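Hi,

Here is the structure I said I'd pass along.

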Amino acid sequence: MPHPVLASPDLIRFEGDTPHLVGSRCDECGELYFPATDSCTRCTATRMSPHDLGRRGTLWSWTIQGFLPKAPYDSGETPETFRPYGVGYVQMESGLKVESRLTVADETQLQIGMPLELTLIPYRTTGDGEVFTFAFRPSASA
Amino acid sequence: MAQDVAIIGIGLHPFGRHDTLTGRAQGAIALRAALKDAGIGWESVGIAYGGSHDAGNADALCNDLGLTGLPFINVANGCATGGSALASAVAAIRSGSAEFAVAVGFDKHPRGAFNPHPRDWGLPDWYGETGLMLTTQFFALKTRRYMHEHGITEDSLVRVAQRAFRNGALNPQAWRRREMSYAEIAESMPVNLPLRQYMFCNPAEGGAALVLCPAEVAKRYHPKPIIVKAAVVRTRHHGSFEVFSPALAAQQAPAPTVTASRAAFEQAGVGPRDIDVLQLQDTDSGSEIIHMAENGFCEHGEQERLLRDGETEIGGRLPINTDGGCLANGEPIGASGLRQVIEICTQLRQEAGARQVPGTPRLGYTHVYGAPGVSGVTILQR
């Protein structure tokens, strides 16, 4: 199966059809970054290596985006068609917290500490089809 | 010991919406009012620092005030622009490079939430395009986590907003001058839960200006000079939880507000318990609650009780945002931090009318926070 068209392909690495988040790791002090950077704001080193951040985490904080963002948001929605979406920080196994869209936008279904896993969701439709971005969805285990 | 600096002139063009005035015109009105308050002319000003986010270059004010040839430095530090302008003006007087300095700010923002562009902030395009780069999201995410860690409930979020509008109703210059019921706030539209419509301030318009000089000569110009005991700006450290962060480090570091506040108290030689009246950045209810503790005015989690017991009211032990804060005044970015200082000066001069704190307040405090992680703190003394 071909992989979906991504808003930013650099953020994702596929193991088979399973997406993983890719960031970077400081060669000097080991600090992790998402997205990948070319310098370390912790120790000021400039040698970084790509790093697989995995695909599982727990919900660290969350909100629900209740209004249509202005540009540069480019989902193509209008105030009439806009549907609120969840946003959270997801604590990965390393402890790094990644800001992400959530597949859930129902406040009764979101709880700090709940296990989540990475998925890809369409957030925009162009003439050529759907464009996907990364998101986290509830999972059975962390 | 560097010499003390005093504020001898304050001027405000009320915040709100003013369809017939440019942002710069509002800045000019505020600056002329501050000069009049100080009893000096523009030609006497030796250096000026000013900022505007959406209303043009601040030094264009010279076209209104007069082309005197003075050094006029444009300041652009997000919501902390006013605090940065003031800290720079104080440093200029302390260094002896000018006898009179001006800090001025004005703005005029489009309606609705701010829409920053990722590249201006060193961030990739996808961060904005996929709907993650909103200041309101950050405030909600930080508030949600803080509530979880420190046992703060939605009750406190409502009470902060209710007090802001109650104080705004006492302030003839406030934008929002209508008191709101608990239910009206608690049931208002969810913007970014846990934060709702009336728990957020709005981008607005307005102007604010200060005139400063060495403290030793201040009484020649104003009968009630206000001494700037500290004016400190700090930026974020690696690991602090800041706006526009696609990820947060595993190990957290204190916010720039914490480091700015500690440095200011140390400079001034006083502590949080000595402060009689204060302004805290209230972009939203949650931020004010977090800032109460980050600035050292209470323990984390203690806010719930302080708010419920009325301790942060005008007549309370810890009067916060007596003019209604950002919630009741709106936020013209360039002017907002200076509005805070003007309110504290007004309180210390005991000229705040219906919103005047009781007794004879001696020490005041202001705190501003802005993207992408800048805090400005001042400690002011009558």
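Where in chain B is N321(B) found? N321(B) sits in the loop that runs between α10 (303-308) and α11 (325-329). Keep in mind that this is a predicted model.

I picked N321(B) because its phi is positive, about 50 degrees, although it is not a glycine, and because it is buried, with a relative accessible area of 0%. F244(B) is another non-glycine with a positive phi, about 60 degrees here. You'll find F244(B) in the loop between β8 (226-235) and β9 (247-248) of chain B. F244(B) has 10% relative accessibility, so it counts as buried, the cut-off being under 20%.

Next, the cis peptide bonds. One joins L193(B) to P194(B), with omega at about 10 degrees. P194(B) belongs to the loop between β5 (190-192) and β6 (195-196) of chain B. Another cis bond links A371(B) and P372(B), where omega is about -5 degrees. The loop holding P372(B) lies between β11 (363-370) and β12 (374-381) of chain B.

On the domain side, an unreviewed UniProt entry annotates residues 256-378 of chain B as "Thiolase C-terminal". That span is 41% helix and 13% strand, and its end C-alpha atoms are 14 Å apart. For chain A, the annotation, also from an unreviewed UniProt entry, is "ChsH2 C-terminal OB-fold" and covers residues 52-119. Residues 52-119 of chain A come out at 0% helix and 47% strand, with 15 Å between the end C-alpha atoms.

Cheers

Methods:
Residues are numbered from 1 along each chain as its sequence is written. Chains are lettered from A and ligands numbered from 1 in the order in which they are written. This is a predicted model: local features need pLDDT of at least 70, side-chain atom pairs count only at pLDDT 80 or more; totals for chains, interfaces and linings use all residues. Side-chain values use heavy atoms; hydrogens and water are left out. UniProt positions are given in the numbering used here, feature names are shortened, and annotations may be inferred rather than shown by experiment. Helices (H or I, at least four residues) and strands (E, at least two) are DSSP runs, numbered from the N terminus. Buried means under 20% relative accessible area, exposed over 50%, partly exposed in between (1.4 Å probe, protein chains only).
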